[in-house]
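Colleague: I would like to learn how to read the side-chain features of a model like this one. Could we go through them one at a time, with the general idea before the case?

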Amino acid sequence: QVHLVESGGGLVQVGESLTLSCAASLRTFATYATGWFRQAPGKERQFVAAIDWSSSRTAVSDAVKGRLFISRDYANSTVYLQMNSLKAEDTAVYYCAADLRAPWRVGTGTYEYEYWGQGTEVTVSS
């Protein structure tokens, strides 16, 4: 099993930056891809960004391209989502997820990930 814990969410103003963290705890060693998704009230969970295990591949949604960046820290088993120039539309609960079945994949669908964190809330005031 993989235990994922998101952190770093909070209340910020439009145009400010915020960095989210996704820390993974594994019972035994495994390789996995990591994705970030977000869900705003009344909306479906939406793909944001993903990174494969080797950090050789990343995927970012068009909605956040150029503003949000994903990276992996192997020493701390943590994946980060750096968010710049935040907009009110970025307000959502952000979830990270792990894909152990295909660690080379940067999947954009929720069905491609087996493990999910509890989420961290980001509120961008306009």
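Modeller: What follows takes up aromatic pairs, charges over rings, nonpolar cores, and then the charged side chains.

Modeller: This is a predicted model, in which local features need pLDDT of at least 70 and side-chain atom pairs count only at pLDDT 80 or more, while totals for chains, interfaces and linings use all residues. Residues are numbered from 1 along each chain as its sequence is written, and side-chain values use heavy atoms, with hydrogens and water left out.

Colleague: How many aromatic pairs does the structure hold?

Modeller: Rings of Phe, Tyr and Trp (its six-membered ring) pair if their centres lie within 6.5 Å, and planes under 30 degrees apart count as stacked, over 60 as edge-to-face and the rest as tilted. The structure holds 7 aromatic pairs. One of them joins tyrosine 32 and tryptophan 53, which are tilted at 55 degrees between the planes, with 5.2 Å from centre to centre.

Colleague: Which parts of the chain does the pair of tyrosine 32 and tryptophan 53 tie together?

Modeller: Strands, like helices, are DSSP runs numbered from the N terminus (E, at least two residues, for strands; H or I, at least four, for helices). Tyrosine 32 lies in the loop between β3 (18-26) and β4 (33-39), and tryptophan 53 in the loop between β5 (46-51) and β6 (58-60), so the pair ties together parts that are 21 residues apart in sequence. As for accessibility, buried means under 20% relative accessible area, exposed over 50%, and partly exposed in between, with a 1.4 Å probe and protein chains only. Tyrosine 32 is buried at 4% relative accessibility, whereas tryptophan 53, at 24%, is partly exposed. An edge-to-face pair is formed by tyrosine 113 and tryptophan 116, with 6.2 Å between the centres and 70 degrees between the planes. Here tyrosine 113 is buried at 4% relative accessibility, and tryptophan 116 is partly exposed at 28%. Ring pairs also link Phe29, Tyr32, Trp53 and Tyr74 into a cluster.

Colleague: Over which rings does the charged end of arginine 45 sit?

Modeller: A charge sits over a ring if NZ of Lys or CZ of Arg is within 6 Å of the ring centre and within 35 degrees of the ring normal. The charged end of arginine 45 sits over the ring of tyrosine 95, at 3.8 Å from its centre, and also over that of tryptophan 116, at 5.1 Å.

Colleague: Which residues have the most contacts inside the largest nonpolar core?

Modeller: In soluble globular proteins, nonpolar side chains tend to be buried together. A nonpolar core is a set of buried Ala, Val, Leu, Ile, Met, Phe, Trp, Tyr and Cys residues joined through side-chain atoms within 4.5 Å. The largest here has 26 residues, and those with the most contacts inside it are Leu20, Trp36, Val48, Leu81, Met83 and Tyr94. Two or more residues of this core come from each of β1 (2-7), β3, β5, β7 (68-73), β8 (78-83), β9 (92-99) and β11 (120-125). Another core, of 7 residues, lies apart from it and includes Phe37, Phe47, Val106 and Tyr113.

Colleague: How many salt bridges are found in the whole structure?

Modeller: A salt bridge is a side-chain nitrogen of Lys or Arg within 4 Å of a carboxyl oxygen of Asp or Glu. The whole structure has 5 salt bridges. In one of them, aspartate 90 and arginine 38 have their closest N and O atoms 2.8 Å apart. This pair links distant parts of the chain, with aspartate 90 in the loop between β8 and β9 and arginine 38 in strand β4, 52 residues apart. Both aspartate 90 and arginine 38 are buried, and a network of salt bridges links Arg38, Arg67 and Asp90.

Colleague: What are the salt-bridge partners of arginine 105?

Modeller: Arginine 105, which is partly exposed at 25% relative accessibility, meets aspartate 99 at 2.9 Å, N to O, and glutamate 112 at 3.4 Å between the closest N and O atoms. Aspartate 99 is buried, with a relative accessible area of 1%, and glutamate 112 is buried at 10%.

Colleague: Which backbone nitrogens does the side chain of glutamate 112 reach?

Modeller: A polar contact is a pair of N or O atoms within 3.5 Å; within protein, one must be able to donate a hydrogen and the other to accept it, and residues adjacent in sequence count only if both atoms are side-chain atoms. Glutamate 112, in the loop between β9 and β10 (115-116), reaches the backbone nitrogen of threonine 108 at 3.1 Å and that of glycine 109 at 2.9 Å.
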